[in-house]
Amino acid sequence: MTGCRWIAWYAAMLAGISTAAVAADAPVVWLQRMQQAQWQRSYEGVVVYVHDGRVDQVRISSRPGADAFQRFASMSGDRRELLKSGTEVRSLQATAAPAAWPAMAGQQRALDARQLGESYHLQWLGTDRVAGFNARLIEAVPQDHERYGQRLWVDQESGLLLGAALIGPQQELLEQVMFAQLALDAPTPAAPSAGGAAAAGNETATGTAMRVPGFVMVGRRIDAARGLEQRVYSDGLATVSVYVERREGAPAGEFSTRRGAVQLYGRQRGDLRVVAVGAVPADSTRRWVDATLAGLVPAGGQ
Amino acid sequence: MNESIREQLSAMADGEIQSESTRFLLKRLDRDPEFRGLWERYHLIRDCLRRQDHVLAPSDFCQRVSQQIESDLGAETAAHSRPQAGSVNPRRQLLWRSLAGGAIAAGVAVVSLFSVRAGVDAGLPQPNAAVANLSQVAAITSRDLIPPWKEQSVARTDRFLLVQTPLASELDRYFMRHGEAAGGVGALGMLPAVRAVSEPVRAATADTAQTGK
């Protein structure tokens with residue numbers, strides 16, 4: 001091999017190593033790592049949730065694996081708890097009767113870097129320290145008006161999400177969640193299932209091809225007793241639930257409300273009610289309902 | 001005014017007094033301006049603790065403050081218009097007078113603002129009306145101690161004619177199920193469930209609805 005060839009080979013090797021190093025440190029790789037950590041790590045802690053001019057504290061226990069268990073309990077205001085154990089979910093509230101429903105099956109779906117890249121521009125914002133853990137800060141800048149921006153604090157060691165802030169179109173802080181206390185256990189092996197993709201396949205059968213760009217269907221469940229179908233769409237970071245429900249005799253009309261940055265928009269048309277819920281702009285939830293109704297109801301129908 | 005009377009007045013402002021004593025205090029409120037001023041201050045303190053809504057001062061507030069300052073300064077100038085033997089440098093005197101004027105202005109503004117604030121409060125300065133409202137005043141809770149700051153408002157929500165909204169429990173069910181389901185699909189794990197279990201803020205303008213669509 002001549003000297004020139006050696007130099008070319010050496011340069012190519014260096015370029016390859018450099019590319020690999022950058023790729024491993026890319027924000028999207030850290031987001032994938034973050035998702036894996038939530039499937040593999042048991043943890044307990046208290047998060048502080050800042051929204052609507054108030055500060056709430058929520059205690060979290062999360063244990064993945066075969067005997068998966070999650071508990072979210074509000075520590076301020078009225079008692080509100082969400083318990084997820086195996087395939088069942090229960091909600092306990094001080095002001096309402098306990099409720100139970102089946103957990104959404106097959107919903108763990110690995111983050112798609114390409115899909116995420118279409119919806120957000122990801123960049124590093126620096127480092128920080130949260131609840132005693134060293135964190136790297138990732139910013140996800142939305143590429144359209146269908147979603148909000150996000151800032152995510154990711155634990156450098158475990159990859160666990162330590163905090164998140166939702167950023168509005170004017171760069172305003174909409175809400176913020178941050179661990180104030182966190183105890184991590186050893187990792188538990190867990191692998192994502194292909195259930196999300198299977199569920200997405202059902203969408204075509206219902207005739208409601210989604211028209212909001214960047215989102216794909218990642219889960220679906222039907223509560224036959226209530227005549228309620230819930231479809232869950234995600235762009236990797238933002239998630240929207242669309243409910244399609246039979247509500248006979250309900251007055252036609254539309255309604256909207258929000259909790260923190262989570263918007264709800266619903267419309268009753270004939271015996272059909274469609275509701276969209278998600279931490280996305282209000283106009284976006286309306287478009288979800290429009291798109292769903294357009295797929296469900298033929299033009300001129302109901 | 002003795003301490004016992006003050007305590008009784010404070011108790012009445014908190015709605016913790018017998019009706020016999022109330023009648024006595026109300027009579028005194030009618031005829032004693034100093035007593036009435038104390039009554040207003042107690043309410044102001046209570047409102048500050050409860051962080052009740054701010055009330056804007058009247059549009060002529062600044063004008064009234066300015067007039068008050070001018071009249072005070074005018075009186076002061078007249079009193080010092082004749083130079084006295086051995087007096088300090090007139091320039092320095094002018095400087096001190098300006099500073100004093102500024103201090104008076106600040107003081108008058110604060111006092112006026114508090115007076116206006118107390119005056120426009122519902123039920124004040126009419127003692128009877130205030131007593132009638134006391135039964136509706138809830139005790140101070142930990143929620144009243146939440147810092148009064150706010151983040152930027154969340155995305156715009158269009159306003160509709162309020163006709164009928166699904167029950168809060170129905171809406172809550174949508175939020176809860178979404179929080180649980182969304183927690184497992186995106187990369188954000190715990191975040192949607194944290195939102196779901198946090199107590200909803202009960203704002204009158206949050207729920208909107210319209211019919212006929």
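Guide: Helix H7 of chain B is mostly covered, with 15 of its 18 residues buried. The model discussed here is predicted. The helix runs over residues 168-185, and at 1.5 Å a residue it should span 26 Å; the C-alpha atoms at its ends are 26 Å apart, which agrees.

A search of the whole structure finds five aromatic pairs over all chains. One pair lies within chain A: the ring centres of Trp30(A) and Trp124(A) are 5.5 Å apart and the planes stand at 90 degrees, so the pair is edge-to-face. The angle decides the name, because planes over 60 degrees apart count as edge-to-face. Trp30(A) belongs to helix H2 (residues 27-40) and Trp124(A) to strand S7 (residues 120-130), so the pair ties together parts of chain A that are 94 residues apart in sequence. Trp30(A) is buried, at a relative accessible area of 10%, whereas Trp124(A) is partly exposed, at 26%.

Another pair leads back to the helix. The rings of Tyr243(A) and Tyr174(B) have centres 4.8 Å apart and planes at 50 degrees, so this pair is tilted. The pair crosses between chains: Tyr243(A) lies in strand S14 (residues 239-246) of chain A, and Tyr174(B) lies in helix H7 of chain B. Both Tyr243(A) and Tyr174(B) are buried.

Strand S13 of chain A, residues 228-234, is mostly covered, and seven of its seven residues are buried. In a regular strand the side chains alternate between the two faces of the sheet. Here Leu228(A), Gln230(A), Val232(A) and Ser234(A) point one way, while Glu229(A), Arg231(A) and Tyr233(A) point the other way, and all are buried. Tyr233(A) also forms one aromatic cluster with Phe215(A) and Trp288(A).

S13(A) has a further partner in strand S12 (residues 216-223) of chain A, and these two pair in the antiparallel sense over seven bridges. Ile222(A) stands opposite Glu229(A) in S13(A). S12(A) and S13(A) likewise form a hairpin with four residues between them, and Gly227(A) in the turn has a positive phi of about 65 degrees.

Most residues other than glycine have a negative phi. Ala131(A), however, has a positive phi near 50 degrees; this residue is in the loop between S7 and strand S8 (133-142) of chain A. Ala131(A) is partly exposed, with a relative accessible area of 28%. Gln171(A) has a positive phi near 65 degrees and is found in the loop between strand S10 (161-167) and strand S11 (173-187) of chain A. Gln171(A) is exposed, at a relative accessible area of 51%.

These elements of chain A may finally be set in the chain as a whole. Chain A has five helices and 17 strands, and 50% of its 302 residues count as buried.

How values were computed. Residues are numbered from 1 along each chain as its sequence is written. Chains are lettered from A and ligands numbered from 1 in the order in which they are written. This is a predicted model: local features need pLDDT of at least 70, side-chain atom pairs count only at pLDDT 80 or more; totals for chains, interfaces and linings use all residues. Side-chain values use heavy atoms; hydrogens and water are left out. The expected span of a helix is 1.5 Å times one less than its number of residues. Buried means under 20% relative accessible area, exposed over 50%, partly exposed in between (1.4 Å probe, protein chains only). Rings of Phe, Tyr and Trp (its six-membered ring) pair if their centres lie within 6.5 Å; planes under 30 degrees apart count as stacked, over 60 as edge-to-face and the rest as tilted. Two strands pair if DSSP finds at least two bridges between them.
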